[in-house]
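Here are a few notes to read alongside the model. Have a look at the fold below before going through them.

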Amino acid sequence: MRAVWLREFGGPAVLQAGEAPDPAPGPGQVLIEVAFANVTFVETQFRATGTGPFGSTLPMVPGNGVGGVISRAGEGVDPALVGKRVVTSTGGSGGYAQRVVVDAALVFPVPHALSLDAAVALLADGRTATGLVHATAVAPGERVLVEAAAGGVGSLLVQLAKAAGAEVVAAARGAEKLARARELGADLAVDYTDPQWTEEAGEVDVVFDGVGGAVGTAAFGLVRPGGRMAIYGLASGSWTEVSEEDAAARGVKLIRSIGDAAEMRGYTESALAAAASGQLTPVIGQRFPLERAADAHAAIESRGTIGKTLLVA
């Protein structure tokens, strides 16, 4: 089968398309014919440095989220699963390939009303956004700041916060991303590359910090006493440096975790159901053929992407 190999850490060009052995499902496992693979910012960092949650044994086929159709079921697995459309995490590797094997218990059936590419776009970002809104308990009438509001998670946070009754302030980079955030329902969109962006944004009750660095630190200064700041991403390359002591002094609650494995599964199911019913729409801004995974990584690192980036297997 065709796959994308990572044999050394470095720039996007280290991702090389090639052949890999066809996997076979063991007991309790299923074989999935991959249609789409998710590409995340965390994966670009891992490729570049070897750091992150995916281990560091090379060579490997990277990729942690896929969607496709189950073609074989291993021993002890309900044969009725064969032919079902599913999305799943792979455990950190193997996703940039035409076929993957995973434990049958890890798959999520894709609702009939939802396209497979949309389901893949929601697999990681949907559970994250849903969990963040739940953890911060966004309430009607609150002002909510969403950083990286045109990104995969941010675009969903704009929709979910608006649906919760909040006034949404979207922070993004560039006119195109600001326009997309407004289309998604943001009440106000500000460019965080403008030195005066915090004055335009104003005070807020909740911050969703997916950028980190100086942007995250500036956003912390906007949170009212009694507010919440969820720190979940570092698109800038570094985490927001806000201590628990600084937050407590201002009466701000910092949120860095959104739940255990069971809760995360529930958030994924909730996001898929919301999308199937038309209440949540993932933004798929870029698609690349599997063989061009390097280009997908380069696009994400250029900060020019909008919404989710997918590989088409």
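1. Strand E9 (residues 167-172) and E10 run parallel and are joined by 4 bridges; strands here are DSSP E runs of at least two residues, numbered from the N terminus, and a pair needs at least two bridges. Within this pairing, Ala172 sits opposite Asp191 in E10. Keep in mind that this is a predicted model, where local features need pLDDT of at least 70, side-chain atom pairs count only at pLDDT 80 or more, and totals for chains, interfaces and linings use all residues. Residues are numbered from 1 along each chain as its sequence is written, and side-chain values use heavy atoms, leaving out hydrogens and water.

2. Helix H4 (residues 175-183; helices are H or I runs of at least four residues) packs on the sheet and touches E9 and E10, contact meaning heavy atoms within 4.5 Å. The direction of H4 makes about 165° with that of E10; angles run from 0 to 180 degrees between N-to-C directions, with axes fitted to C-alpha atoms, for helices over the stretch in contact.

3. What is the strand order in the open sheet of 6 strands? The order is E10-E9-E8-E11-E12-E13, with parallel pairing. Strands E10 (188-191) and E13 (253-255) are at the edges with a single partner strand each, so one side of each has no neighbour in the sheet.

4. Elsewhere, look at helix H2 (residues 116-136) and helix H8 (residues 261-276): their axes come within 7 Å and cross at roughly 115°. H2 and H8 are therefore roughly perpendicular, a label for 65 to 115 degrees. Among the residues that meet are Leu122 and Gly126 in H2, and Met264 and Tyr267 in H8.

How values were computed: Angles under 35 degrees count as roughly parallel, over 145 as roughly antiparallel, 65 to 115 as roughly perpendicular and the rest as oblique.
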